[in-house]
Amino acid sequence: IKMKLAIFLFLGLFCLSLGKLGVRRKLLSESLSDLPPAQLFDQMKNHFDHSNAETWKQRFWIENESGYNKDKGHVVLYIEGEGAVRGLQSDKSFVMHVAKKYEALVYVVEHRFYGESQPAENWELENLSLLSHDQGLADLAYFIQKKMDELKKRENVDTKWVTIGGSYSGALSAWMRYKYPHLVAGALSSSGVVNAILDFYEFGEQIQRSAKRSEGCFENIRTFVKYAVDQMESDKTDIFEWMGYADFEWDDFWFYYADIFVEAIQYGSRKDLCELLHKQLSETQVWEERLKALAEFGNTHSAVPKNYAFKEIRKTEISQGMGRQWTYQYCSALAYFNTPSRYLPFRWKNMGIEYWKRYCQKSFNGAIFPNTFHTNSQYADLRMQNHTSNIFFTNGAEDPWQWATVRFAVGKNVESYLIDYPGAGHCCDLGYVNDDDPEELKKARAAIVEAIGKWLAQIFKLITQGG
């Protein structure tokens, strides 16, 4: 989702590339000192072991308190995913736009095992068994129930909750409405990757279609990939050092290298990437210089070597990174394995399922591989659409992750909106709200706001009628 960083430089939190799913935080807040302070919540360590009452401290933030209408009791839960967070970081975000529209209180919750929300003393494999989307959903349900009770006791109001998330946390948002409808009135799932796909070749096909919106760009990507293939076949590893991480192996290098192109396109920076590739191929004759420029571009567009390198992923001490934890999540349950497309693949041709088995095993020094049937039997899109309501799915037309989400709604109770404008990428609706935003983006956001209003009105009617 895929799901990764100069982690504090991005808005939304992450919207994915297998290396990372999530909503990228594209802009810093005007002043980090103006951010609300993090608070701590006593969260259950294992929701599925009822003999274990052990707890840990989960970080969360409260926002828009000054705009909260206690009589209405509207609450937005902004779900964070695979990375450390600092709250919303700006009142210009779409989440705050929704909150202000409906005079809602906002809670932002950090996902277990990311940032400073750590249920265990280290990231040994045994402890990572407590890192799953099921535990994450149960965390959110427990949080909502406790805060519902707290607000009821303090303000005598029955609160109405809406969840918002993007990418992996977009899937969590949809799954919250599906699994806990008594707690959540509705859910916005921006680029929500609700389908666990083992052989995700459609991802690369979309990268090809999106890159071709810029003349010659896809061909230039393939030129850069061919050079790396030639280096590998000649057993030359200078390319690792040129890309800024000398300790790569070929298996982890290929994931990182492909993600430089992926991250730029999926997050709406196709034009910048294509201009860089054209400039390097037309003006620079030395491949070392070309690749150093590409690596620098990747570092500023979410493709950071440490999130892919085996040497880094194997580290078990807790840090602000997310490479080991997110790798565990897709290797143990979610998959989203970006395999080569069927026609003119831009990835190394050998990045098929066997490659990903090897990647997961090398990352954790042992056998680990996802059972996607288990995940999909509970949460896949058609199962949800036939058994739930009040979920709004959004996708950017250039985003490769759209093929793991819900692109077309089935029935009248679930909505889906494809947002199409130049650079419409992953979680594009969750960014800052500006007057000069593309008209298609404005239309999509208006439709979301309208849907949320309907959900809140429905739950208000149920409460007032004693339903």
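The model is a predicted one, in which local features need pLDDT of at least 70 and side-chain atom pairs count only at pLDDT 80 or more, while totals for chains, interfaces and linings use all residues. Residues are numbered from 1 along each chain as its sequence is written, and side-chain values use heavy atoms, with hydrogens and water left out.

A disulfide is taken here as a pair of cysteine sulfur atoms within 2.5 Å. How many disulfides does the structure hold? There are two.

Let me begin with Cys217 and Cys274, whose sulfur atoms are joined at an S to S distance of 2.0 Å. This pair links distant parts of the chain, 57 residues apart: Cys217 belongs to helix 6 (residues 217-233) and Cys274 to helix 9 (residues 270-283). Helices here are DSSP runs of H or I, at least four residues, numbered from the N terminus. The torsion about the S-S bond is -85 degrees, and the link of Cys217 and Cys274 is left-handed. Buried means under 20% relative accessible area, with a 1.4 Å probe and protein chains only. Cys217 is buried at 1%, and Cys274 is buried at 9%.

I turn now to Cys331 and Cys360, which form a disulfide with sulfur atoms 2.0 Å apart. Cys331 lies in helix 12 (residues 323-334) and Cys360 in helix 13 (residues 353-364), so the bond ties together parts 29 residues apart in sequence. Their link is left-handed, with -85 degrees about the S-S bond. Both Cys331 and Cys360 are buried.

Cys428 is buried, with a relative accessible area of 11%.

Notes. Helices (H or I, at least four residues) and strands (E, at least two) are DSSP runs, numbered from the N terminus. Buried means under 20% relative accessible area, exposed over 50%, partly exposed in between (1.4 Å probe, protein chains only).
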